Amino acid sequence: DAGVTQSPTHLIKTRGQHVTLRCSPISGHKSVSWYQQVLGQGPQFIFQYYEKEERGRGNFPDRFSARQFPNYSSELNVNALLLGDSALYLCASSWGGGEETQYFGPGTRLLVL
Amino acid sequence: QKEVEQNSGPLSVPEGAIASLNCTYSDRGSQSFFWYRQYSGKSPELIMSIYSNGDKEDGRFTAQLNKASQYVSLLIRDSQPSDSATYLCAPHHYNQGGKLIFGQGTELSVKP
């Protein structure tokens, strides 16, 4: 079975622009979580979606938004990009929205210039 | 106090030795715990999950959990150079939307 897929793999944007990152979960999984990982730190939780509903939100500004589609894929949107948004953005897939194991995709590396 | 703290690295061990990775967490509500391995430039890969106090073994890996002490560890026996990576400890906070709270990671280097 295919694992978690994310697109694009790499992205370069300039300050003030908008970006959309995409994620497809493992087949049968209904929950998607988004994490941001800056160099040298552990991933930081941004959002969790389960059955198309937001289940949790981390300590990120309103410039960050997400949604989950009927096929359980998800998009993460970031508006008005700042240099500090440069990071590896990780999508994690799980069967449910609780304590199930989360499996990570390969990530999207975003560079903001 | 950080929510999750891991022993600072880098941790260097010779090939064949036991590597011990430690993690403490602050939220007593945490019920499930995960160890991920992350190679440089790659995404985290699940190594072990543990839910009950005590030890859980999977091949060369043993996870240990003590909820009373808010402590979880990962032992790697017969360490191999391919084990060289950053290891991330992640308690699962179910009451906070099911999110994982990651430590900063411990970099492990296994020398041949």
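Start at the second largest pocket of this predicted model: its lining splits into seven nonpolar, seven polar and three charged residues (nonpolar is Ala, Val, Leu, Ile, Met, Phe, Trp, Tyr, Cys and Pro; charged is Asp, Glu, Lys and Arg; polar is the others, Gly among them). Select A:Pro43, A:Gln44, B:Glu3, B:Ile101 and B:Phe102, which lie nearest the centre among the 17 lining residues. Strand S5 (44-50) of chain A and strand S10 (99-100) of chain B each give two or more residues to that lining (strands are DSSP E runs of at least two residues, numbered from the N terminus).

A pocket here is an open set of points on a 1 Å grid over the protein atoms alone, where a 1.4 Å probe fits, with protein on both sides within 12 Å along at least five of seven lines; lining residues have an atom within 4 Å of a point.

Residues count from 1 along each chain, as its sequence is written. Local features need pLDDT of at least 70, and side-chain atom pairs 80 or more.

Next, go to the largest pocket and pick A:Gln37, A:Leu39, A:Gly40, B:Gln38 and B:Gly41, the closest to its centre of 30 lining residues. Its lining has 13 nonpolar, 14 polar and three charged residues.

Now zoom in on B:Gln38, in strand S4 (residues 32-38) of chain B. Is B:Gln38 buried or exposed? B:Gln38 is buried, at 9% relative accessible area (buried is under 20%, exposed over 50%, with a 1.4 Å probe and protein chains only).

Methods:
Chains are lettered from A and ligands numbered from 1 in the order in which they are written. Side-chain values use heavy atoms; hydrogens and water are left out. Helices (H or I, at least four residues) and strands (E, at least two) are DSSP runs, numbered from the N terminus.
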